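Here are my notes for you on this model, written as numbered points. Have the structure open while you read, and find each residue as you go.

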Amino acid sequence: MLFSIFAVRPVSAVDYTPKDIPLNSDEATARFKADLQWYLNYGHFVISNGPYILVMYSPENLYLKLEKFTGARTIYTNTLPKDGYADVIEYQGVQNPENVILQIAKGEYDLGMFSFPAGKYQGLGADVLANLNLYKSASSYNELTFNTYHDPDKDAPIVTVGDQVYFNPFAIREVRFAMNFLVSRDYIVQNIYQGSGAPMLGCIRPSHPADKYFEPVYKALGITGAGNEQFALQLIDQAMQKAAQEVANYGHTLEKKADGYWYFDGQQITVKFIIRIEDERKEIGLYVADLLEKKVGFKVDRLLWDRQKAGQVVFAKPPSNYEWNIYTGGWGTSGIPSVWIDDYTAWFYASWYGYVPGAVEPKHVNTVTVEEALKYIGNGDVNAGLRR
């Protein structure tokens with residue numbers, strides 16, 4: 001079957017009739033013949049209205065070549081560029097972009113579409129840097145994913161797996177909130193990323209167009225890149241004391257002993273922390289693990305896993321299995337972000353369960369109402385929360 005890639009007016013099932021596609025018309029015949037001729041010339045059906053033509057694509061060689069379109073235009077001339085800047089654009093994929101930096105400095109390539117931390121460039125000589133124009137870009141962003149599961153029939157942060165009962169500290173909303181203050185994002189940026197990054201205070205990255213709408217929320221909550229360790233420990237201690245009363249209703253005990261660690265039913269609470277090892281998330285995970293162990297009093301099982309092993313547990317199994325507590329999530333950026341954030345926030349504010357093909361329940365359920373948030377910000381007064 002021959003086809004073109006073109007834009008058409010959406011037609012509903014109600015007003016759609018065969019007249020919308022007059023296949024027996026001279027215009028349709030000419031279109032199909034033009035498509036066939038295009039294929040004979042270029043060997044593909046990637047047809048658009050410019051400003052460039054795909055003249056060569058060699059996936060086995062990671063190569064793609066575009067040539068400026070110079071022919072006559074018949075449609076969309078007011079909405080698409082009428083002319084390209086360069087006559088020819090060649091894309092060459094590389095297996096090791098680190099080595100290409102020097103080739104760009106020598107003029108063998110004009111542009112490198114990749115990103116490295118600032119430390120990568122700091123090691124280059126002044127003569128190399130003089131021939132490079134560096135641009136800041138957000139290539140990735142990281143977060144901590146928490147397993148918030150607890151037995152749905154109990155008003156306590158406990159998880160039952162078979163005949164074993166566990167205490168899940170991250171099923172407590174206040175503990176999760178306290179992590180915003182326990183972790184110093186500034187420390188991560190300066191010491192792990194060597195200054196090549198920016199603190200991300202919520203699910204919207206700083207470079208996102210909608211970030212300006214969230215900055216007042218962070219300010220009202222007191223969340224900063226520096227964090228506030230003392231406040232975090234205070235929040236966690238209060239939440240754990242409350243949880244001790246909740247688990248007691250089900251015949252369990254929760255206490256912090258003289259050694260500084262928390263115990264559930266006489267057993268030391270252990271946090272299973274899946275830490276990805278391929279990039280900076282390893283150092284981030286180890287940093288957070290030390291905070292939880294040395295400051296909070298949770299024993300941490302540091303599971304240093306690669307993507308394949310981690311994904312099989314975090315994304316493909318139900319959280320009720322209780323095989324993990326925290327995961328060092330990471331996301332890549334591409335293109336210009338939309339000003340709409342509904343789907344964007346879903347990746348962060350919801351566990352992936354139910355959002356990826358073949359995923360499992362339960363999905364995340366919002367646990368905070370707008371009224372509760374405003375009362376918290378306004379110290380119990382909704383109107384004061386609004387004013388802040």
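Is the crossing in which H5 passes H8 left-handed or right-handed?

1. **Ground rules.** This is a predicted model, so local features need pLDDT of at least 70 and side-chain atom pairs count only at pLDDT 80 or more, while totals for chains, interfaces and linings use all residues. Residues are numbered from 1 along each chain as its sequence is written, and side-chain values use heavy atoms, with hydrogens and water left out.

2. **The overall picture.** The protein has 13 helices and 12 strands; these are DSSP runs numbered from the N terminus, with helices (H or I) of at least four residues and strands (E) of at least two. Of its 388 residues, 34% are buried. Buried means under 20% relative accessible area, exposed means over 50%, and partly exposed lies in between (1.4 Å probe, protein chains only). Now take contacts (heavy atoms within 4.5 Å): among those between residues at least 6 apart in sequence, 60% join residues at least 24 apart.

3. **H5 against H8.** Back to that question: H5 passes H8 in a left-handed crossing. Left-handed means that the near helix is turned anticlockwise from the far one by less than a right angle, and right-handed means clockwise. The contact brings together Glu174, Val175, Phe177, Ala178, Phe181 and Leu182 from H5 with Glu229, Phe231, Ala232, Leu233, Leu235, Ile236 and Ala239 from H8. By class, that is 11 nonpolar, no polar and 2 charged residues. Here Ala, Val, Leu, Ile, Met, Phe, Trp, Tyr, Cys and Pro count as nonpolar, Asp, Glu, Lys and Arg as charged, and the others, Gly among them, as polar. The two axes come within 8 Å and cross at roughly 170 degrees. Axes are lines fitted to C-alpha atoms, for helices over the stretch in contact, and angles run from 0 to 180 degrees between N-to-C directions. H5 and H8 are therefore roughly antiparallel to each other. The cut-offs are under 35 degrees for roughly parallel, over 145 for roughly antiparallel and 65 to 115 for roughly perpendicular, with the rest oblique.

4. **H8 against H9.** How do H8 and H9 cross, and at roughly what angle? Their axes come within 12 Å and cross at roughly 70 degrees, so H8 and H9 are roughly perpendicular to each other. H8 passes H9 in a right-handed crossing. Glu229, Leu233 and Ile236 of H8 meet Leu291, Lys295 and Val296 of H9, a set with 4 nonpolar, no polar and 2 charged residues.

5. **The core.** A nonpolar core is a set of buried Ala, Val, Leu, Ile, Met, Phe, Trp, Tyr and Cys residues joined through side-chain atoms within 4.5 Å. The largest one here has 44 residues, and Phe167, Met240, Leu254 and Leu292 touch the most other members. Elements giving two or more residues include H5 (173-182), H8 (229-248) and H9 (281-296). H8 gives the most, with 8 residues.

6. **Two buried loop residues.** Asp151 sits in the loop between strands E4 (140-146) and E5 (158-161). Is Asp151 buried or exposed? Asp151 is buried, at 5% relative accessible area, and, leaving out residues up to four places away in sequence, touches Ile158, Val159 and Thr160. His44, in the loop between helix H1 (26-42) and strand E1 (52-58), is buried too, at 13%. Outside four places in sequence, His44 is in contact with Trp38, Tyr39 and Leu54.

7. Most residues other than glycine have a negative phi. Leu62 has a positive phi of about 55 degrees although it is not a glycine, and Asp265 has a positive phi of about 55 degrees as well. Leu62 lies in the loop between E1 and strand E2 (63-68) and is partly exposed at 37%. Asp265 lies in the loop between E8 and strand E9 (267-268) and is partly exposed at 35%.

8. **Tyr91.** This residue is in strand E3 (88-92).
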